Amino acid sequence: MPKLIKMKYKLITALVVLLVLPFVIHEPRIIPVRGATAADWNPNTFWYEPWGSSGTHKGVDIFAAKGTEVIAATNMLVLYRGEVGKGGKVVLGLGPKWRVHYFAHLNTIKKDAGFL
């Protein structure tokens, strides 16, 4: 195999490893609301049914005062920032092990880089 092709192959392999590695490494998760504790959410709300007109609720609601900072539960690639009908202002991210993280009912969304 010519030397240039080998170099391209090694470069592509390195890029794939660098892009995929953060999503397969386990990282500890945190409560994504600044200052929140386990007392600020009810684990019984996960998979609660029925949840109004949106059907089954597939998340945990964490309650905080308006303006409290929401932070990423882990490192993630931001897939979407914007507004949707049921969730209001939302951020959707892809985290380690290809887990999707969805933050809804936000007061504001910061316009920063693609990673949280």
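Predicted model: local features only at pLDDT ≥ 70, side-chain atom pairs only at ≥ 80, totals over all residues.
Let's begin at Arg34, which counts as partly exposed at 47% relative accessibility.

What does Arg34 pair with? Its salt-bridge partner is Glu69, and the closest N and O atoms of the two are 3.2 Å apart.

As a general point, side chains of opposite charge can pair when their charged atoms come close.

Put together, Arg34, Glu69 and Lys110 are linked in a network of salt bridges. How many salt bridges does a search of the whole structure find? The search finds two.

Are these residues buried or exposed? Glu69 is partly exposed, with a relative accessible area of 35%, and Lys110 is exposed at 60%. Lys110 falls in the exposed class because the cut-off there is over 50%.

## The chain as a whole

Stepping back, the protein chain holds one helix and three strands. Read from the N terminus, the order of these elements is α-β-β-β.

Of the 116 residues in the protein chain, 22% are buried. The accessible surface of the chain comes to about 8700 Å², and carbon and sulfur atoms account for 65% of that. If you take the contacts between residues at least 6 apart in sequence, 47% of them join residues at least 24 apart.

## The hairpin

Strand 1 and strand 2 make a hairpin, with three residues between them. How do these two strands run, parallel or antiparallel? They run antiparallel, and seven bridges join strand 1 to strand 2 (residues 88-94). To find one of these pairings in your viewer, look for Glu83, whose bridge partner in strand 2 is Lys89.

## A nonpolar patch on the surface

Next comes a nonpolar patch on the surface, formed by Leu79, Tyr80, Val84 and Tyr102. Together these residues have about 380 Å² of accessible area. Which element gives the largest share of the patch? Strand 1 does, with three residues.

Val84 is one of the patch members, and its place is in strand 1. This residue is partly exposed, with a relative accessible area of 34%. Val84 can count towards a patch because the cut-off for patch residues is over 30% relative accessible area.

## His105, a backbone detail

One last stop is His105, which is found in strand 3. Its phi is near 60°, a positive value in a residue other than glycine. At 59% relative accessibility, His105 counts as exposed.

Technical notes: Residues numbered from 1 in each chain as written. Heavy atoms only, no water. Salt bridge = Lys/Arg side-chain N within 4 Å of Asp/Glu carboxyl O. Buried < 20%, exposed > 50% of the residue type's maximum accessible area, 1.4 Å probe, protein only. Pairing = 2+ DSSP bridges. Helix = DSSP H or I, 4+ residues; strand = E, 2+ residues; numbered from the N terminus. Patch = residues over 30% accessible without salt bridge, like charges linked within 9 Å, V, L, I, M, F, W, Y side chains within 5 Å. Areas by Shrake-Rupley, 256 points an atom, 1.4 Å probe, with all protein chains shown as cover. Contact = heavy atoms within 4.5 Å.
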